Amino acid sequence: MPTQAAAPPKLAEQPQSEAPTKAVVEMPAELAVTPHVEVAEQEAVTPQIAVAEEDTVTPQIEQEAVTPQIAAAEQEAVTLRVERLASSGIHFIPKEYVRTEEECKSIGDVFEKEKKYDEGPQIPVVDLKGIDSEDKEVREKCMEELKKASMEWGVMHLVNHGIPEDLLTRLREVGKTFFDQPIEEKEKYANDVASGKMAGYGSKLANSASGQLEWEDYFFHLAFPEDKRDMSIWPKTPTEYTEVTIEYATQLRSLVTKVLALLSLGLELEEERLEKEVGGMDDLLLQLKINYYPKCPQPELALGVEAHTDVSALTFITHNMVPGLQVCIEGKWVTAKCVPNSIIVHIGDTLEILSNGKYKSILHRGLVNKEKVRISWAVFCEPPREKIVLKPLPELVTESEPALFPPRTFAQHLQHKVFNKTDPDQVLTK
Ligand SMILES: O=C(O)CCC(=O)C(=O)O
Ligand SMILES: [Fe+2]
């Protein structure tokens, strides 16, 4: 564990000198507005945008007229917590939460979708039992499984990952206990995106021209390394939050090293290589985002998280066994099964770039539902913003396989992707 004497820098205090705009550097990748991605959806599902809630005759489109409270709630939507909106008794969601007609065609009922076991391809399950094995063959088999899933899908359920079941249970308990508090209590931790205070309790702001919003509130903070944690913004209730979350972050950090080692071997690189390329123990940041998706009266019209790829190197997700995550493979949305005690891992853009596209950063999104609150704990493992230039590793670039990605720092990647702008000195096509 790093023991630097320097005071822990806060997210908002990171150097800004080389940043083209203030917002780019201050905006943690995971909270920034995701670019809108058009997905060729092949599932033939009837559009539901114009379909009214079953128990009412008022079409969704005329929702403003329903009651004064709802109209007021809708007006306030940009500042409202989604939880408040969800518990206000509305039957129709404000228009800012209604997705495009194209998106709505494929949303549907997440419980129905999760149940469909036999139809089409499923996110692979990777067994990490052999990850520490001294037996070369056993470890190699484990590596091959991980490599295959990373190349073909870029997302998988990890089982036998070594993080104790009890620790995962406690992590989910402390997060749920925090969110079970009244909204007023949580507001004490409110972040303030406009002034660069990104960590804390928040909801997406309508900062794009369309004003499009997502059906979720969240809690966001850096969890590792120790010297970069700002403990003053971590939840104080429940009291065990800190201890449990530190324990999880520490154990997850060792798993990250092991996974990066196998992924390096999968590219015929030295086993420490990817770990070093993403910043190592001192500089790879583990950012925890607890996603809280309240029940939604019109889940077929909303998204908890819109379609995006993660910018991280790797993302690790555990959740409360309520389905919601979907990944897009060959133009179709596949709903992740709830696999007990597994941890979902995504390959993010950073590893896709370093591996010259061999490992895939898959497009994914989160659905919501009418019956159950969904909570997920996503840990984004991010390289430092400016220190490292991300580009395909030279060993993986050949005449027949030229570099697919121009060099960029992580900050430039965010700028390119999230704000859809390019630095005048950089031309990034992907
Ligand atoms: O809630 C989930 O399962 C996924 C959330 C996600 O994709 C994200 O926060 O980047
Ligand atoms: Fe994601």
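## Sheets, helices and ligand shell of a predicted model

Strand 6 and strand 11 form an antiparallel pair held over two bridges. This is a predicted model, in which local features need pLDDT of at least 70, side-chain atom pairs count only at pLDDT 80 or more, and totals for chains, interfaces and linings use all residues. Residues are numbered from 1 along each chain as its sequence is written, and chains are lettered from A and ligands numbered from 1 in the order in which they are written.

Strands (E, at least two residues) and helices (H or I, at least four) are DSSP runs numbered from the N terminus. Two strands count as paired if DSSP finds at least two bridges between them.

In strand 11, H364 is the bridge partner of H308. The open sheet of four strands has the order 6-11-8-9, with antiparallel pairing. Strand 6 (305-308) and strand 9 (332-335) are at the edges with a single partner strand each, so one side of each has no neighbour in the sheet. On average, neighbouring strands of this sheet are turned by 20° against each other, direction ignored. Axes here are lines fitted to C-alpha atoms, for helices over the stretch in contact, and angles run from 0 to 180 degrees between N-to-C directions.

Eight strands form an open sheet in the order 1-2-10-7-12-5-4-3, and the pairing is mixed. Its edge strands, strand 1 (125-127) and strand 3 (200-203), each pair on one side only. From one strand to the next the twist averages 30°. Strand 3 pairs with strand 4 (residues 217-224) in the antiparallel sense over four bridges, and G200 stands opposite F220 in strand 4.

**Helices.** Helix 6 (residues 136-152) lies across strand 1, strand 2 (155-159) and strand 10 (343-347), and runs at about 155° to strand 1. Helix 9 (residues 241-266) has 26 residues and reaches 36 Å from its first C-alpha to its last, close to the 38 Å expected at 1.5 Å a residue. That expected span is 1.5 Å times one less than the number of residues. After helix 9 comes E268, with a positive phi near 60°.

Helix 6 packs against helix 9 at an angle of about 80°, and their axes are 9 Å apart. The two helices, helix 6 and helix 9, are therefore roughly perpendicular to each other, a term for angles of 65 to 115 degrees. In this contact, C142, M143, L146, K147 and S150 of helix 6 meet L262, L263, L265 and G266 of helix 9; residues are in contact if their C-beta atoms, placed from the backbone, lie within 7 Å. By class, the contact of helix 6 with helix 9 has six nonpolar, two polar and one charged residues. Ala, Val, Leu, Ile, Met, Phe, Trp, Tyr, Cys and Pro count as nonpolar, Asp, Glu, Lys and Arg as charged, and the others, Gly among them, as polar.

P225 and P238 are both placed in the loop between strand 4 and helix 9.

| Peptide bond | Form and omega |
|---|---|
| F224 to P225 | cis, near 5° |
| T237 to P238 | cis, near 0° |

N160 has a positive phi of about 50° although it is not a glycine, and N160 lies in the loop between strand 2 and helix 7 (165-180).

**Ligand 1.** The shell around ligand 1 consists of 13 residues, and the closest are N291, L325, G366, S376 and A378. A residue is near a molecule if its C-beta atom, placed from the backbone, lies within 6 Å of it. The elements giving two or more residues to this shell are strand 5 (285-293), strand 7 (314-319), strand 11 (364-366) and strand 12 (374-382). By class, the shell around ligand 1 has four nonpolar, six polar and three charged residues.

Terms used: Two residues are in contact if their C-beta atoms, placed from the backbone, lie within 7 Å. Angles under 35 degrees count as roughly parallel, over 145 as roughly antiparallel, 65 to 115 as roughly perpendicular and the rest as oblique.
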